[in-house]
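Dear colleague,

I am passing on the structure that we talked about, and below it you will find my notes on what came out of it. Please read them with the structure open beside you.

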Amino acid sequence: MAAGAQQRAHQGGLAGAEVAIERNDHSGLEQRRQRAADTSGGGGIRQVQAEGGLVIIRAMHDEDSETGAMRVAGDAPSLSVGDAATLRRQISSWGAELGFAAIGVSGIDVAAAAPGLLRWLDLGRHGQMDYMAKHAALRLAPQALLPGVRTVIAARLPYWPAAADALAVLGDDRLAYVSRYALGRDYHKTMRRRLQKIAARLQEAAAKLGRPCSCRVFSDSAPVLETEFARQSGVGWRGKHTLSLTREGSWHFLGEIYTNLPLAADPPAEEHCGDCRRCLDVCPTAAIVAPYQLDARLCISYLTIELPGSIPPSLRPLIGNRIYGCDDCQLHCPWNRFARIGDADFAVRNGLDAAPLTALLAWSESEFDSRLAGSAIRRIGHERWLRNVSVALGNARPGTTGVVTALRARLDHPSALVREHVVWAMARHAAAV
Ligand code: B12
Ligand code: SF4
Ligand code: SF4
């Protein structure tokens, strides 16, 4: 959906309510922004009442964020212990039926995560992901996204696809490496559609108990502290690479249902990183600056997906042949040895698991749009795509067949951004001759 578009909240099960949804979807292109009445106001210092204390954050420029007035009526429904336990069992069983590997329940207290988020923003580690700063207040105030929320139902859906060997592709500079999460269908829709089914069944079951409830679903689609809720609800522990991790690895997406139903929280997952620090050591750009701390400005995922403009020249050689996202911190994580093939929706499409770089650089804009319809990659647009592929070709071994010819064919591209990266890549080959 186009930036700033609003949706009627029936999507989230909120009959009659009106919301606007932010989409911080790793592309930075289409953000459906969200602002709730209790966090509106001008710049300056803003106070957010988060569970467990008052958090003060510096308000960024939110003039251009779109207002999402939200009316969610009703007192929080009460439940008997027995009914709550029955609903909890049903949620897990619906989740399993829909392919989720785990479902957990937590409360809404994000106080433990607030200092880390604020410090991260203060250090500027979000780079140009303005939405992270702009909507920090909402991230720390779940009740602003669903007034009356008492429970977060967190879920993980595995995506590891049957694909060409990842390390072999990374080692072959004629080929493009695309992050495993993006080889198949766009996960945002898949996740939300399935979570919505659970939410609908939950509402139906609660209504039968005479406890009508409100729910709202998210998956990388709004300012929600997803990893924090996964941690709290036992869906996964936080690995030192900052991602949610389990004994079955980290190749999964996260999603949540906020609800005003009071359900008992599950215990948090135990951590099992121990003394390991492999993810920090293998990161090509040293973006994991300390355990549990990522400087996004250095992360190849940010550079190839989120960054709109020129990629800093000093980082380009470190990107290798990664043209969309990066998986190294996960590929080398010992827990991912136990990963199994994930959901069929994320099976490889268009041979993107081992595609020749020169062929990808030749894609016209309409080919890009049609081949990548339904893929998360489409969101970065053709210009960023060509930028990324040019960098990868610049990193190919000098003399690799077809590289200079393919680059030369893009020298007259109308975008100055593309031309600049093509020239850089050609210069790398010329310098090496
Ligand atoms: C912004 C974002 C990014 C950014 C920044 C990533 C990051 N780690 O912050 C970029 C573009 C780099 C990115 C990359 C990727 N992302 Co991303 N991303 C998000 C997003 C939208 C928000 C994450 C966030 O809140 N970051 C803010 C920082 C502050 O949070 P944090 O790192 O978790 O910080 C906590 C602690 O580490 C600590 N801390 C952090 N900094 C500091 C500093 C100090 C000094 C201290 C003391 C503590 C501290 O405190 C914080 C609060 O507890 C989430 C979706 C969501 N809504 O949550 C997806 C999400 C985290 N991404 C996801 C994925 C799949 C990826 C990639 C694997 C994609 C890829 N293959 O290229 C990479 C992995 C890179 C990595 N190692 O994290 C999945 C992760 C699934 C999983 N298994 O955990 C999510 C959950 C989306 C989803 N719904 O599935 N992503
Ligand atoms: S995704 Fe790549 S660049 Fe980013 S932290 Fe992981 S290994 Fe480093
Ligand atoms: S590589 Fe090691 S430290 Fe990093 S997330 Fe995996 S187990 Fe934890």
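The shell around ligand 2 divides into 9 nonpolar, 3 polar and 1 charged residues, where Ala, Val, Leu, Ile, Met, Phe, Trp, Tyr, Cys and Pro count as nonpolar, Asp, Glu, Lys and Arg as charged, and the others, Gly among them, as polar. In total 13 residues surround ligand 2, and the closest are Cys283, Cys299, Cys326, Asp328 and Cys329; here a residue is near a molecule or strand if its C-beta atom, placed from the backbone, lies within 6 Å of it. The elements that give two or more residues to this shell are α10 and α12 (328-331), and helices (H or I, at least four residues) and strands (E, at least two) are DSSP runs, numbered from the N terminus.

Please keep in mind that this is a predicted model, in which local features need pLDDT of at least 70 and side-chain atom pairs count only at pLDDT 80 or more, while totals for chains, interfaces and linings use all residues. Residues are numbered from 1 along each chain as its sequence is written, and chains are lettered from A and ligands numbered from 1 in the order in which they are written.

Around ligand 1 there are 38 residues, of which Gly116, Glu226, Ser244, Ser301 and Gly325 are the closest. Two or more residues of that shell come from each of α2 (114-122), α8 (226-232), β11 (252-259), β13 (293-294) and α10 (300-306), and α2 gives the most, with 4 residues. By class, the shell around ligand 1 has 18 nonpolar, 14 polar and 6 charged residues.

Turning to the protein chain as a whole, it has 17 helices and 14 strands. Of its 433 residues, 47% count as buried, a term that applies if 20 or more other C-beta atoms lie within 10 Å of a residue's own, whereas 12 or fewer make it exposed and anything in between partly exposed, with C-beta atoms placed from the backbone. Among contacts between residues at least 6 apart in sequence, 78% join residues at least 24 apart, where two residues are in contact if their C-beta atoms, placed from the backbone, lie within 7 Å.

Ile153 stands opposite Ile257 in β11, Val105 stands opposite Ile153 in β6, and the bridge partner of Leu157 in β11 is Phe253. Since 8 of the 8 residues of β6 are buried, β6 is largely enclosed by the rest of the structure. In a regular strand the side chains alternate between the two faces of the sheet. In β6 both faces are covered, with Thr151, Ile153, Ala155 and Leu157 buried on one side and Val152, Ala154, Arg156 and Pro158 buried on the other.

Is Leu411 buried or exposed? With 11 C-beta neighbours inside 10 Å, Leu411 counts as exposed, and it is found in the loop between α16 (403-408) and α17 (416-432). Leaving aside residues up to four places away in sequence, Leu411 touches Arg419 and Val422.

With best wishes

Conventions. Two strands pair if DSSP finds at least two bridges between them.
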